[in-house]
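Thanks for making the time this morning. I would like to walk you through one model, going element by element, and I will give the cut-offs as the terms come up.

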Amino acid sequence: MENNDNKLEMIKIGCFGESSVGKTCFARKYVKCESEFDLSTVGVEYFITNKTLSDGKKYKIKIYDTAGQERYRSLCLGTIRGCDGIILMYDITRKNTFDLISQWIENINQLKENCPLVIVGNKCDLEDKRKVTKEEGLEIAKNYKTVYFDSSAKQGINVENTFEELINRIIHNINLEKEKNVNIKLEKGKKNKQKKRGKFC
Ligand code: GTP
């Protein structure tokens, strides 16, 4: 059987947020690559997986797993322009990682306007250590006109849902963009026709 996977449309997703919030675990859970590891990400790493999505089409999903450590910040922010959508994560047990979310969003918006984004409060399995309420997560998402998920990369809670929600938003965006381009082409075609007619009238 011919392998057509190389021809699949690719969707690129970036995982951003402070160090140790769980970005790597989250990405690994989604691509089902859960071998033991406990190292901080260096720069930007990526995972690729093929998924059949809710529109029934198969896509290649590329996930950029970025380092949260400050020293890699400019390198990691550099990948934003190449992303179709972003998962922005904090750790519900570390308030400072939540407090920095607005700053992350401002940085992201400066680099790429209207990029589909989902906010995730990870480590919800550690309920007894929770420092940021679910309501605070929902509130910040509402302020930035997006959605919020409580998640546990460790227990696989809301990992699929987060990606699915983001990918649906990305596909919606891509379709809008395609429609816009078709309309621009149609408009150009009309104008050219009118110009040509003008010459011979
Ligand atoms: P950087 O690479 O430094 O940016 O970190 P990261 O955001 O990729 O975090 P990583 O996935 O490496 O996880 C950091 C630590 O948190 C590891 O010890 C993980 O095992 C742990 N961890 C990740 N997700 C969860 C979770 O959902 N629950 C719990 N309890 N621990 C988690």
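What you see is a predicted model, in which local features need pLDDT of at least 70 and side-chain atom pairs count only at pLDDT 80 or more, whereas totals for chains, interfaces and linings use all residues. Residues are numbered from 1 along each chain as its sequence is written.

Let me start with the ligand. There are 20 residues around the ligand, and those that come nearest are Gly 22, Thr 24, Ser 40, Thr 41 and Gly 68; a residue is near a molecule or strand here if its C-beta atom, placed from the backbone, lies within 6 Å of it. By class, the shell divides into five nonpolar, 10 polar and five charged residues, where Ala, Val, Leu, Ile, Met, Phe, Trp, Tyr, Cys and Pro count as nonpolar, Asp, Glu, Lys and Arg as charged, and the others, Gly among them, as polar. Which element gives the most to this shell? That is helix α1, residues 23–30, with three residues; helices (H or I, at least four residues) and strands (E, at least two) are DSSP runs, numbered from the N terminus.

Staying with α1, seven of its eight residues are buried, namely Lys 23, Thr 24, Cys 25, Phe 26, Ala 27, Lys 29 and Tyr 30. For that term, a residue is buried if 20 or more other C-beta atoms lie within 10 Å of its own, exposed if 12 or fewer, and partly exposed in between, with C-beta atoms placed from the backbone. Phe 26 is in contact with Cys 15, Met 89, Asn 122, Ser 151, Ala 153 and Val 159, leaving aside its neighbours within four places in sequence; contact means that the C-beta atoms, placed from the backbone, lie within 7 Å.

Phe 26 also brings us to the largest nonpolar core, which has 42 residues, and Phe 26 is listed with Cys 15, Ile 87, Leu 88, Met 89 and Ile 119 as having the most contacts inside it. The element that gives the most to this core is α6, with six residues. A nonpolar core is a set of buried Ala, Val, Leu, Ile, Met, Phe, Trp, Tyr and Cys residues joined through C-beta atoms within 7 Å.

Now to strand β4, residues 85–91, where seven of the seven residues are buried, so the strand is largely enclosed by the rest of the structure. In a regular strand the side chains alternate between the two faces of the sheet. In β4, Gly 85, Ile 87, Met 89 and Asp 91 point one way and Ile 86, Leu 88 and Tyr 90 the other way. On pairing, which requires that DSSP finds at least two bridges between two strands, β4 runs parallel to β1, joined by four bridges, with Gly 14 opposite Ile 86. β4 also pairs in the parallel sense with β5, residues 117–122, over six bridges, and there Ile 87 stands opposite Val 118.

In α4, residues 101–111, the buried residues include Ile 101, Trp 104 and Ile 108. They cover an arc of only 60 degrees around the axis, which puts them on the same side of α4; the arc is that of the directions from the helix axis to the C-beta atoms. The other side of α4 carries exposed Ser 102, Gln 103, Glu 106 and Gln 110, while its buried residues pack against β1, β4, α3, β5 and α5.

In α5, Gly 137, Ile 140 and Ala 141 are buried. They cover an arc of only 100 degrees, which puts them on the same side of α5, and among the elements that cover them are α4, β5 and β6. Turned away from that side are the exposed residues Glu 135, Glu 139, Lys 142 and Asn 143. Ala 141 itself touches Ile 119, Thr 146, Val 147 and Tyr 148, not counting residues up to four places away in sequence.

Finally, the backbone angles. Ser 20, in the loop between β1 and α1, has a positive phi near 70 degrees, and Asn 158, in the loop between β6 and α6, has one near 65 degrees. Is Asn 158 buried or exposed? With 20 C-beta neighbours inside 10 Å, Asn 158 counts as buried, whereas Ser 20, with 16 other C-beta atoms within 10 Å, is partly exposed.

Terms used:
Contact = placed C-beta atoms within 7 Å.
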